[in-house]
Amino acid sequence: MKNLKKIATLIMALAMVLTMNIAAFADDPAWKLSDATATTSTITVTNLKSGGNQEVTIYKVYTLNAANSQWVLNSDYKDSGLPATVTDTAPTIDGGKLMTYFNDKTGAATKTTTAAGTTAEFTGNEPGFYFVKVIDKDGVVTYNPMYVNTYDYDKTSHLFSVNNATAEAKYGDVPVNKSQDDENQAVYIGQKITYTINGVIKAGQTSYVITDNLSGADYNKDWKLTIGGAEVATAPVVAADGKSFRLTIDNLNNSYDGCQVVLTYTATVNQDAVNGVTNTVTDTNDQEGKTTNDYTATVTVKKTDADDNALSGAQFALKNSENKKYAKLSKDDNGNVYFTGTWLETQPEVDSTNVVTTGKDGTAAIKGLDIGTYTFVEVKAPEGYTINKDGGTSVVTIKDNKEKAESQADLTVTDSTVKDTKLSELPSTGGRGTMIFTLIGCAVMIFFAVSYMKSKKKNAQ
């Protein structure tokens, strides 16, 4: 009897445990699609950079399979490493992994469109989980990955309904870019260089600032500014020393959200360019910025006698061997001579400001020249010497046949040496140089001979 009571008590306890856990052991509710009329959705991508060329692509990664209460991976992406099925109502995806996969893929896109404005739209999309990729064809902006679901899930009714989805584009790094139009990066004093700055105003930025620093050239203040492809009259503020400017764009009403900023201007290379032309730009989004460099060359002539001894006081004009014109020069307070960017039609005269004079070491230099071949034309020889009419040639090239100079050392110069002859060093007997002396000697001899004959005849009378 006692054993029967124990068994009865055990059965009752087990029954109570089973009753309490019925909900826990019950099957999860099956997923169902709503009877709503919409069967497809629209995916809208907003906040794209305006005034540019954006390639917007959507990839349907998972398709809803309500009958099996799961999301099924698109077979095109079976090698992505993503789960083949997902049973959560809202798939959780490794965004970095997905981004890496789709960056490497060129095909298997569900839909692609090109947007010049700030919005791209895709219609007729089935219920699913989509990855959105945006590429800026201008190379200005890098976009963060985006994900959207074209459905809505009701936890109470367990119904899925097809809904439209919006993906707001977010920028990753947006580096400011600076370019200039002299491709080989070798310039001359007086040359105009055209600079172009590219940046982007991020959504929500109330103020966007560009800061520019320049050495070796002067701003010409011929600014051209476009924001989102439309020209704007706003001009930068140049510092008192003329070596930098600051451009501030107000975006208080968010009308410039996502807009590309393009600022173009020119600068004229000055005498400081003997140390290179350096231009650095930063903006609100990129404090490291972008730097461009250009370089100038110095050509030198050395004057010697026949024994290679240095000669001072020789004067030279510089001729461009290509166009046969002569350089217009300038000199600073320290005696340094610079090319001015202007070529003269006629050869400068002796003691002209457009000639250089050799110093005690026999050399003279002209700074601020571009790649090319130049001829030093001697216009005045040192005292006691003759002019060497052959002159000397200097050649400026880029080292190792590079397409552009990446440092001052990349500009190589072949300097020239010009040798002079002393006036006392007469040419050999029979040369044209002795003819005048011979004639003078003969004339003197004839004069005395005639005088002697006349004197002798007079005495005879």
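Is Gln-260 buried or exposed? Gln-260 sits at 7% relative accessibility, so it counts as buried. Buried here means under 20% relative accessible area, exposed means over 50%, and partly exposed lies in between, with a 1.4 Å probe and protein chains only.

A word on the model. It is predicted: local features need pLDDT of at least 70, side-chain atom pairs count only at pLDDT 80 or more, and totals for chains, interfaces and linings use all residues. Residues are numbered from 1 along each chain as its sequence is written, and side-chain values use heavy atoms, with hydrogens and water left out.

Back to Gln-260. It lies in strand S21. Strands are DSSP runs of E, at least two residues, numbered from the N terminus. The side chain of Gln-260 makes a polar contact with the side chain of Asn-198, at 3.1 Å. A polar contact is a pair of N or O atoms within 3.5 Å; within protein, one must be able to donate a hydrogen and the other to accept it, and residues adjacent in sequence count only if both atoms are side-chain atoms. Ile-227 is 33 residues from Gln-260 in sequence, yet their C-alpha atoms are 5.8 Å apart.

Next, Asp-212. This residue is in strand S15, residues 207–215. Its relative accessibility is 0%, so Asp-212 counts as buried. Its side chain has a polar contact of 3.1 Å with the side chain of Tyr-265. Another, also 3.1 Å, goes to the side chain of Asn-279. Leaving out residues up to four places away in sequence, Asp-212 touches Lys-178, Ile-197 and Phe-245, among others. Contact means heavy atoms within 4.5 Å.

Now the rings. The structure holds 17 aromatic pairs. Rings of Phe, Tyr and Trp (its six-membered ring) pair if their centres lie within 6.5 Å; planes under 30 degrees apart are stacked, over 60 edge-to-face, and the rest tilted. Take Phe-245 and Tyr-265: centres 5.5 Å apart, planes at 85°, so the pair is edge-to-face. Phe-245 is in strand S20 (244–250) and Tyr-265 in strand S21 (260–269), 20 residues apart. Both residues are buried. Elsewhere, ring pairs link Tyr-59, Tyr-62, Tyr-77, Phe-129, Phe-131 and Tyr-147 into a cluster.

Last, a sheet. Three strands form an open sheet, ordered S1-S11-S10, with mixed pairing. Two strands pair if DSSP finds at least two bridges between them. The edge strands are S1 (32–33) and S10 (152–154), each pairing on one side only. S10 and S11 (159–161) run antiparallel, joined by three bridges. Asp-152 has Ser-161 in S11 as its bridge partner.

Conventions. Helices (H or I, at least four residues) and strands (E, at least two) are DSSP runs, numbered from the N terminus.
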